[in-house]
Amino acid sequence: MSTQVKFKVADLSLAEAGRRRIKWAESRMPVMMALRRRYEAERPFIGAKIAGCLHVTKETAVLVRTLVAAGAEVRWSGCNPLSTQDDVAAALAAEGTSIFAWHGMNTDEFYWCIDRTLDFEPTLTLDDGADLIFTVHHKHPELAARMVGGTEETTTGVHRLRAMAADGKLLYPVIAVNDAETKWDFDNVYGTGQSSLDGILRATSVLVAGKNFVVAGFGHCGRGVAMRAAGLGANTIVTEVKPTAALRARLEGDQVMTMDEAAPIGDIFITATGMKDVIRGRHFEQMRDGAVVCNTGHYDCELNLDELAEISTGKRVVRPNNEEYTLKNGHKVFVLAQGRLVNLAAAEGHPSEVMDMSFANQFLALLKLHREGQGMEHLVHELPPEQDQEIANIKLETMGIRIDELTPEQLAYATDYSAGT
Ligand code: RBV
């Protein structure tokens with residue numbers, strides 16, 4: 001075992017820049033800072049060894065620092081080869097965190113990093129996309145015996161873990177952090193909405209107003225993206241496979257059509273589906289000259305870039321995170337961030353203010369597993385709804401917003417089944 005390897009990052013000399021970036025995030029994450037203040041004396045995580053696999057961003061650094069302040073031993077890797085902020089990774093390494101992450105790693109290096117976070121035989125796993133927990137299950141099942149639980153941050157990961165639990169294959173309990181209302185209703189919608197547009201703009205600096213902006217998938221993420229694109233003046237077009245989602249998009253004011261219909265008229269395309277091959281060769285072939293294409297789903301399989309390469313004569317990088325493909329039909333198509341999540345690869349991921357709530361759920365979910373995981377069934381569990389109200393309440397307080405309270409009479413009225421009109 002290589003427990004000797006303490007960390008591996010791109011460049012330790014970036015630590016000061018990373019510290020400044022993390023400080024900025026901390027100033028916008030009041031719920032996390034409240035949790036840190038509350039738990040740093042008690043240190044409830046003493047004895048917990050947490051292996052984390054989640055985008056190494058300034059917000060994630062705030063989560064890592066908070067877990068450490070609360071007594072946890074932590075080892076960390078990134079969950080996407082292009083999402084690591086190297087200055088943040090350097091800052092964490094410099095303050096003693098065992099972190100294995102750098103921007104632009106290849107697939108072998110990606111799994112090497114995950115393996116290093118397992119070297120200390122963790123008791124808890126934290127995932128974004130389930131790569132770490134799958135590595136435990138498929139490659140190191142012997143580690144599952146000491147594991148008290150795991151958490152999952154994102155929709156795609158939760159879907160797969162539910163499928164695994166349904167087949168009776170899950171070796172320890174998992175909490176679906178994604179399914180907390182204070183996660184999906186904010187992070188997935190407003191976080192993905194803003195940061196995806198941020199990524200597209202940093203990579204292209206195009207005008208969004210007046211463009212045909214095609215969003216594939218109208219789940220929470222796609223809805224957020226369409227909303228923000230419409231806010232910038234785009235003509236939004238949604239493609240869907242689920243009738244109710246398609247209907248919702250139409251009633252929100254988006255046009256709805258198939259990808260085959262959207263391909264020849266779209267100016268900017270973004271996938272947010274969790275499905276593979278959503279935009280493939282025959283779609284790329286139909287696109288307008290100059291079309292911009294990207295993905296904000298967790299995995300990079302939503303755009304079939306192999307098929308795009310087959311119908312292209314060549315490609316070249318024209319700006320950071322922006323690659324121009326020249327098609328055999330003479331058109332140029334611009335692919336952002338190599339088809340990886342555009343919001344994290346070309347921008348900085350979701351804003352700190354929303355990650356504040358997502359990561360508060362992560363922290364509390366890990367604490368619950370550390371305390372109670374041993375007795376929990378090997379299933380995918382949800383967080384208690386009271387926790388959402390608690391987190392939202394702290395968030396509102398820090399925003400200086402007060403809300404009304406029900407009177408005892410109103411509370412009684414809510415459940416009074418004898419009351420008529
Ligand atoms: N995400 N993290 C960040 N700034 O740290 N941004 C996005 C950040 C998470 C988000 O919660 C989403 O579920 C997941 O990344 C997709 O991989």
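Select Asn188, which lies in helix H8; helices (H or I, at least four residues) and strands (E, at least two) are DSSP runs, numbered from the N terminus. The model is a predicted one, in which local features need pLDDT of at least 70, side-chain atom pairs count only at pLDDT 80 or more, and totals for chains, interfaces and linings use all residues. Residues are numbered from 1 along each chain as its sequence is written, and side-chain values use heavy atoms, with hydrogens and water left out.

Is Asn188 buried or exposed? Asn188 counts as buried because its relative accessibility is 2%. Here buried means under 20% relative accessible area, exposed over 50%, and partly exposed in between (1.4 Å probe, protein chains only). Display next the side chain of Asn178, with which the side chain of Asn188 makes a polar contact at 3.1 Å. A polar contact is a pair of N or O atoms within 3.5 Å; within protein, one must be able to donate a hydrogen and the other to accept it, and residues adjacent in sequence count only if both atoms are side-chain atoms. Not counting residues up to four places away in sequence, Asn188 touches Thr155, Asn178, Lys183, Gly193, His220 and Cys221, where contact means heavy atoms within 4.5 Å.

Now select the ligand. It is surrounded by 16 residues, and the closest are His55, Thr57, Glu153, Lys183 and Asp187; a residue is near a molecule or strand if one of its heavy atoms lies within 4 Å of it. Helices H3 and H8 (181-204) each supply at least two residues of this shell. A polar side-chain atom of Asp187 lies 2.6 Å from an oxygen atom of the ligand, the corresponding distance for Lys183 is 2.8 Å, and for Asp128 it is 2.9 Å. Taken alone, the ligand exposes 400 Å², of which the protein buries 96%; accessible areas come from the Shrake-Rupley method with a 1.4 Å probe, and for residues only the protein chains shown count as cover.

Proceed to strand E4 (residues 124-127). Leu124 and Leu126 point one way from E4, Thr125 and Asp127 point the other way, and all are buried. In a regular strand the side chains alternate between the two faces of the sheet. Colour strand E1 (residues 49-53) as well: E1 and E4 run parallel and are joined by four bridges. Two strands pair if DSSP finds at least two bridges between them. Within this pair, Ala51 stands opposite Thr125. On strand E5 (residues 149-152), the bridge partner of Leu124 is Gly149. Follow the chain from E4 through helix H6 (residues 131-139) to E5: this β-α-β crossover is right-handed, meaning that, with the strands pointing away from the viewer, the path from the first strand over the helix to the second runs clockwise.

Select Ser83 next, in the loop between strand E2 (73-77) and H4. Ser83 is buried, with a relative accessible area of 2%. Leaving aside its neighbours within four places in sequence, Ser83 is in contact with His55, Val56, Thr57, His103 and Leu344.

The tour ends at helix H4 (residues 86-94), where seven of the nine residues are buried. The buried residues of H4 pack against helix H1 (15-26), helix H3 (58-69) and strand E3 (98-100). Just after H4, Gly96 takes a positive phi of about 100°.
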